[in-house]
Amino acid sequence: MEKIKEWLKGFLKGAFEDTLFESLEKEATETQEMLLTLLFLNFAGLENPFSFYLFELLPYMEINEHFLRRMLFKEERLPVLFSRFEGWA
Amino acid sequence: MKIYLVGGKGGVGKTTIAGFLSILLSERGDVLLLSTDLAHSLKDFFSIKKKGKRIKIRPSLWIFEPDIEKALKNYIGDIDKKVRENFSPTIYEDIKPFLKFSSQDPANYDLVLFNILSNEIIREEHDFMVVDTAATAQILKFATLPDRLLRWYDLLIKWRKKYVAMREMAKLNVGEEKFLPILLRKKEKMEKVKKELAQADFIWVLEPARLAFDETEKALKNLKGKIKLSALVMNKVSGKKPSVFDFPSPSLIEIPLFESEPLAGSPEGEKISAELKKILT
Ligand SMILES: Nc1ncnc2c1ncn2[C@@H]1O[C@H](COP(=O)(O)OP(=O)(O)OP(=O)(O)O)[C@@H](O)[C@H]1O
Ligand SMILES: [Mg+2]
């Protein structure tokens, strides 16, 4: 019986910690993604001098490939915007 | 470093005033005369043929006419290189076009110039810096950017600290934190730039015409509270001048309209220098 109790306690604690970690990880990722979005504001047509200065920070960020793709290319607005500028790529 | 920003409408005599002011200051210390106008004309003022961006005119006077397009390309080029080194080829390929676009966007010229200006302030190699500026909008940018950037840095630092804390709690296995130290260093630098620019003297050059007065009034209203106007230079004064003049100016000097161009070393320069001495304390 004691053993089961121990096990149950361990199990519950583990489960709780897992969800805690998960939500922390999620929030951490979101914070990071907010930063990244900010960096690319310029390209969404918003004049933002800070994006320009923050470019310098770009090499030091952890970038998630999927997020980047989603942000830059999934919504077709950005490429359309770009096509208005000659020789952008 | 003491900074003088010289501004005014096109053709009023900004370069001429900035030039003579620099010559005057070079008797008191080491001077850098920086042009933030895309169409540089400092070399014409000094009648120099020599090529180069940074030229020593005399023992304590340097002129600096940065190649802005190239400076922008280099700035983005450095970032491009680091991105390529730090990320996977797929991520790099995604980001590349954005960087390329940015490296050619004229909207970034003033931002690059502000970077150049900031770097000179941080390096502090000269006792004085005189800036021959292009337009009012540019000065407004230079005057307001430090505060606005600092606010962004603070926000980013807050977010990043939160992120780092959460990352630790979540026991995410990541390497050493590089981002935060860079942000903090940037903030520290910008604080110095802000402090120095807040103490800069702003000199507004105008011609004695009613229209120019209206223009000046508007410009000074926009700059009010952001930059310290220390002198108005009424240039090219000839015969009659408009009577209405009620700017709250700490000092106003008048310079006559000469028959020939007042270039460095010309006899007209003596008169201009004598007037400019009045605004130097
Ligand atoms: N007091 C003066 N009398 C006669 N000519 C002058 C006087 N001041 C300036 N000039 C001449 O007027 C012209 C414009 O002056 P300057 O280049 O200094 O103006 P600027 O405001 O820098 O112009 P820009 O907006 O093109 O940079 C030059 O040819 C200069 O030599
Ligand atoms: Mg000029």
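This is a predicted model: local features need pLDDT of at least 70, side-chain atom pairs count only at pLDDT 80 or more; totals for chains, interfaces and linings use all residues.
Local features in the model need pLDDT of at least 70, side-chain atom pairs count only at pLDDT 80 or more, and totals for chains, interfaces and linings use all residues. Residues are numbered from 1 along each chain as its sequence is written, chains are lettered from A in the order in which they are written, and side-chain values use heavy atoms, with hydrogens and water left out.

**Figure 1. Chain B as a whole.** Chain B holds nine helices and eight strands. Helices (H or I, at least four residues) and strands (E, at least two) are DSSP runs, numbered from the N terminus. The C-alpha trace spans about 75 × 40 × 35 Å along its principal axes. Of the 281 residues in chain B, 52% are buried. Buried means under 20% relative accessible area, exposed over 50%, and partly exposed in between (1.4 Å probe, protein chains only). The accessible surface of chain B is about 14,000 Å², and carbon and sulfur atoms supply 52% of that surface. Areas come from the Shrake-Rupley method with a 1.4 Å probe; for residues, only the protein chains shown count as cover. Contacts (heavy atoms within 4.5 Å) are counted here between residues at least 6 apart in sequence, and 70% of those in chain B join residues at least 24 apart.

**Figure 2. Charged side chains of chain B.** Chain B carries 49 positive and 39 negative side chains. Lys and Arg count as positive, Asp and Glu as negative; His and the chain ends are not counted. Each charge is placed at NZ of Lys, CZ of Arg, CG of Asp or CD of Glu. The centres of the two sets lie 4 Å apart.

**Figure 3. Helix α1 against helix α9 in chain B.** Two packed helices are described by the angle between their axes and the distance between the axes. Here α1(B) (residues 14-25) packs on α9(B) (residues 267-277) at about 75 degrees, with the axes 10 Å apart. The pair is therefore roughly perpendicular. That term covers 65 to 115 degrees; under 35 is roughly parallel, over 145 roughly antiparallel, and the rest oblique. Axes are lines fitted to C-alpha atoms, for helices over the stretch in contact, and angles run from 0 to 180 degrees between N-to-C directions. The α1(B) side includes Phe20(B), Leu21(B) and Leu24(B). Facing them in α9(B) are residues including Gly269(B), Ile272(B) and Leu276(B).

**Figure 4. Helix α5 against helix α6 in chain B.** The axes of α5(B) (residues 109-123) and α6(B) (residues 136-169) come within 10 Å. They cross at roughly 70 degrees, so α5(B) is roughly perpendicular to α6(B). From α5(B), the contact involves Asp110(B), Leu111(B), Leu113(B), Phe114(B) and Leu117(B). From α6(B), the partners include Phe142(B), Leu145(B), Pro146(B) and Leu149(B).

**Figure 5. Phe202(B) in strand β6.** Phe202(B) lies in β6(B), residues 201-206. Its relative accessible area is 1%, so Phe202(B) is buried. Neighbours within four places in sequence aside, its contacts include Leu5(B), Gly7(B), Ile139(B), Leu220(B) and Ala231(B). Lys228(B) is also among them.

Figure 6. Gln199(B) lies between α7 (179-198) and β6 of chain B. It is partly exposed, at 44% relative accessibility. Residues up to four places away in sequence aside, Gln199(B) touches Lys2(B) and Lys228(B). Ser266(B), 67 residues from Gln199(B) along the chain, is 32 Å away, C-alpha to C-alpha.

**Figure 7. Two residues of chain B with positive phi.** Most residues other than glycine have a negative phi. Ser47(B) has phi near 50 degrees. This residue sits in the loop between α2 (42-45) and β3 (54-58). Ser47(B) is exposed, at 53% relative accessible area. Lys236(B) has phi near 60 degrees. Its place is in strand β7, residues 229-237. Lys236(B) is partly exposed, at 32%.

Figure 8. Chain A has four helices and zero strands. Of its 89 residues, 36% count as buried. The accessible surface is about 5,900 Å², with 60% belonging to carbon and sulfur atoms. Thr37(A) lies in helix α1, residues 2-39. It is partly exposed, at 34% relative accessibility. Beyond residues up to four places away in sequence, Thr37(A) touches Phe67(A) and Met71(A). The C-alpha atoms of Thr37(A) and Phe67(A) are 9.7 Å apart, across 30 residues of chain.
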